[in-house]
Amino acid sequence: MRYIDDPHHDGSALYVPDQEPELGARVTLWLRAPLAAGVSGVTVRAVHDGEPRYAEAVPAPRNVPGPGRGDVWWRAEITAVNPVTPYRFLLATPRGPAWLTAAGLARHDLTDATDFRLVCHEPPPAWMRDAIVYQIFPDRFERSRPMRDLPDWALPRDWDRDPVIPRGPGTSQQFYGGDLDGVVRRLDHVESLGADTVYLTPFFPARSNHRYDASSFTRVDPLLGGDEALHRLADALHARGMRLIGDITTNHCGDAHEWFTAAVSDVGAPEREMFYFDPHTGEYDSWWGYKSLPKLNWGSERVRTGMREVLTRWLGPLDGWRVDVANMTGRRGADDFAHEAASCLRAALGPRAALIAEHNHDAGGDLDRGGWHGTMNYGGFTRPVWAWLRDPGLELEHFLGVPGGVPERDGPATLATFRSFASHMSWRSLVHSWQLLDSHDSPRIRTVTGSRERHLLALGLQATLPGTPMVFAGSEFGLTGVNGEHSRTPMPWNRPADQDLATLAGYRALLGLRRAEPALRHGGLRWLHADADCLVFARESERETLVVAARRAPGEPLPVGVRMEGVHGAADGEVIPGDGPSLSVWRITH
C-alpha cells in the first residue's frame with residue numbers, strides 16, 4: 001500500500017512549531033499535501049468548549065527535505081481554548097471532501113476520538129524526549145557480595161547454575177542476590193548501549209523477589225544494600241549525566257505494610273479507610289484476589305496524602321516513577337478516582353520528574369489529563385511488533401494476556417495497529433510513552449522472534465519509531481524466556497555461552513543511531529509504504545528527513561524518486577533494495 005501521496009499532519013514540531021502552548025495561545029498548524037492528492041482547499045475544525053469551530057488554511061511556501069519536495073504546504077492558526085483542544089482537517093479533493101485525523105484519511109464522517117490534540121497541560125520534563133531507558137530487575141542484574149542472612153521466605157539460587165523457575169511453587173521466592181551496588185559495577189555496560197536512564201523495579205522491603213508486595217515505602221530493602229546503596233547508585237548515575245526511575249505500586253501495597261497491619265489489627269484504626277474492608281465479614285479487596293496485595297482506596301484522603309509523601313520523599317535520588325498497574329489505580333466497582341490519582345501525583349512531583357503509567361491495553365482514555373506523562377505502550381507497540389515479527393513456529397499460551405497465542409499479521413495490519421493506538425493519544429503522550437519489546441512481565445523478544453535477524457529488526461523499529469525506547473536488561477545478549485518469570489534470568493556476565501555478541505553489537509549500533517540522530521528523537525512520522533513484508537516511513541524535521549525501511553523478508557525494490565545518503569545498513573541511491581530481513585536508514589537533506 002502506497003502512502004507517500006497521502007496528505008499528512010502530525011503533532012511534531014515540523015507541523016506544530018509551538019510544542020508547549022499556553023492556554024489561550026494562537027498556534028500555527030501545517031499540513032503537507034502531495035500534488036498527487038489534488039487538494040484544492042483545507043479547513044481546520046477545532047473544538048472550543050465542546051463546540052466545533054472552523055478556520056481556513058492557505059498555501060504557504062516551505063522547503064522541507066524528503067520525498068515529495070514539490071508538495072504543497074497549507075498553513076492555518078487555531079486557538080488553544082481548552083487544556084486539550086481537539087482538531088482535524090477537512091480537505092477538498094477530486095474525489096470529494098475528506099477528513100484527516102491522527103488515524104489517517106477518511107472519506108466518511110467519524111467521531112472526535114482520533115482527532116489531533118493540542119495539549120496545554122504542564123509539559124513533561126525536557127530530558128524525557130531524548131531518553132533511552134534500561135530496565136533492571138535488581139535481584140537478577142548483578143551482586144556485589146555473597147548472599148548471607150537471608151529471610152525465611154527466600155529460596156537461595158546459584159547465579160550461573162540454577163535455572164529460573166518459570167511457574168508454580170518457588171517463582172516469587174527464588175532469590176539470586178542481586179543488589180544496588182552490583183548495578184553500580186555495571187554502569188559502563190549500560191552506558192555503552194546508549195541508555196541514559198535506569199528504571200529499577202521495586203526496591204522496597206517485601207517478602208518476594210519482585211518486591212511488589214512492599215512492607216514499607218519509607219526505606220530501601222536491606223537485601224539490596226539499604227538507603228545508602230540507593231544513594232550510591234543515584235550519585236553514580238547523576239555523575240554520568242544519567243537518571244534513575246523507581247517503581248511504585250499506587251494500586252496496592254503488601255499485607256505486611258505498616259498501613260495495612262494497622263488497618264487489619266483494629267477496626268477503629270484511622271488506616272482502615274485506606275483499604276476496602278467488608279463491614280460484615282472483615283474481608284478485604286486485593287489485586288486480582290491475591291490477599292498479599294491489599295487494594296488501596298483512593299477515596300481516602302489518607303491514601304492521597306500518603307502516596308504524595310512517598311513519591312516526593314525519594315526525589316533527589318530518583319528522577320521519576322513508573323507506576324505499577326496504573327490502569328487499576330483508583331478504580332474499584334462504582335469508584336473511579338483514576339484521573340484524580342494521576343493528577344494528584346503529577347502535581348506533587350513537580351515539573352522535573354517523570355511519571356509513566358503501566359497499562360497493558362488501551363491507555364488513551366487515561367492520558368492527556370494532566371496526570372501520566374505516557375504509558376508503557378504494550379498495546380500500541382509491543383503487540384504489533386510481535387505479531388509482525390513472530391517466529392512462525394512460536395507457541396505461547398497467550399498474547400500479553402489475550403488468549404490464543406501471538407497471531408501472525410502482515411505489514412498493513414501492523415501499521416493499522418500502530419496508527420489506531422497512536423491516534424487515541426496526543427503526539428506529546430506518544431513520544432513520552434515507553435516503546436518496549438519485552439519486560440520483566442513478558443516473554444523475551446528473542447523467544448518471540450526466534451532469530452537474531454528478526455530480533456534486531458524489532459530493535460530497529462524500537463530505535464527509529466517515535467516514543468521512548470525501553471530495553472529490558474539481558475535482551476541485548478539475546479536471552480530467552482517464555483513468560484515474565486522465565487525472562488528474569490540472571491545476567492550472563494560470567495556465562496559466555498549465553499552472550500550473543502552480535503546481538504549486543506546490534507544494540508549498541510541501533511541505540512547509538514537513535515542517540516546520534518535528532519530526527520529519530522524529535523522528528524515527525526510519515527508512513528510511505530506498507531506491504532506484507534515491508535514497512536517504510538520517514539522521520540522528518542526542518543533540516544533533514546530520515547527514511548527507514550524494515551523488511552522481514554526479501555521483496556521487490558522500491559523507487560523513492562530522490563537521492564538518499566545511506567546512514568545504516570544502506571548504500572547511497574534512489575531505490576530501497578529488496579534484501580531482507582533488513583533494517584535500512586537513509587538521510588535526505590536540502
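In strand E14, Leu-244 is the bridge partner of Val-198. The structure is a predicted model, in which local features need pLDDT of at least 70 and side-chain atom pairs count only at pLDDT 80 or more, while totals for chains, interfaces and linings use all residues. Residues are numbered from 1 along each chain as its sequence is written, and side-chain values use heavy atoms, with hydrogens and water left out. Helices (H or I, at least four residues) and strands (E, at least two) are DSSP runs, numbered from the N terminus.

**Strands and sheets**

- Strand E13 (residues 197-200) and E14 run parallel and are joined by three bridges; two strands pair if DSSP finds at least two bridges between them.
- Six of the seven residues of strand E14 (residues 243-249) are buried, so that the strand is mostly covered; buried means under 20% relative accessible area, exposed over 50%, and partly exposed in between (1.4 Å probe, protein chains only).
- Elsewhere, three strands form an open sheet in the order E1-E5-E4, with antiparallel pairing.
- Its edge strands, each pairing on one side only, are E1 (26-33) and E4 (58-59).
- Eight bridges link E1 to strand E5 (residues 72-79) in the antiparallel sense.
- Leu-31 has Trp-74 of E5 as its bridge partner.

**Helix H7**

- Helix H7 (residues 378-389) is largely enclosed by the rest of the structure, because twelve of its twelve residues are buried.
- Among the buried residues of H7 are Tyr-378, Phe-381, Arg-383, Trp-386 and Trp-388.

- Thr-464 belongs to helix H11 (residues 452-464).
- With a relative accessible area of 0%, Thr-464 is buried.
- The side chain of Thr-464 reaches the backbone oxygen of Gly-460 at 2.7 Å.
- Apart from neighbours within four places in sequence, Thr-464 is in contact with Arg-514, Leu-520, Phe-537, Arg-539 and Val-548; contact means heavy atoms within 4.5 Å.
- Thr-375 lies in strand E19 (residues 374-375).
- Thr-375 counts as buried, because its relative accessibility is 2%.
- Leaving aside neighbours within four places in sequence, the contacts of Thr-375 include Ile-356, His-359, Leu-367 and Trp-434.

**Cavities**

- Rolling a probe the size of a water molecule over the atoms shows where empty space is left.
- On a 1 Å grid over the protein atoms alone, a cavity is a set of points where a 1.4 Å probe fits but cannot get out, and a pocket is an open set with protein on both sides within 12 Å along at least five of seven lines; lining residues have an atom within 4 Å of a point.
- The whole structure holds four cavities of 30 Å³ or more.
- About 70 Å³ is the volume of the largest cavity, where a volume is the space filled by probe spheres set on the points, and grid points are joined across faces, edges and corners.
- Residues lining the largest cavity include His-121, Arg-346, Asp-368, Trp-372 and Arg-428.
- This lining divides into three nonpolar, four polar and four charged residues; Ala, Val, Leu, Ile, Met, Phe, Trp, Tyr, Cys and Pro count as nonpolar, Asp, Glu, Lys and Arg as charged, and the others, Gly among them, as polar.

**The largest pocket**

- The largest pocket has a volume of about 1,400 Å³.
- Its lining has 41 residues, and Trp-287, Trp-288, Tyr-290, Asp-441 and Arg-488 lie nearest its centre.
- H7 and helix H12 (484-487) are the elements that give two or more residues to the lining of the largest pocket.
- The lining of the largest pocket divides into 14 nonpolar, 17 polar and ten charged residues.

Technical notes: A polar contact is a pair of N or O atoms within 3.5 Å; within protein, one must be able to donate a hydrogen and the other to accept it, and residues adjacent in sequence count only if both atoms are side-chain atoms.
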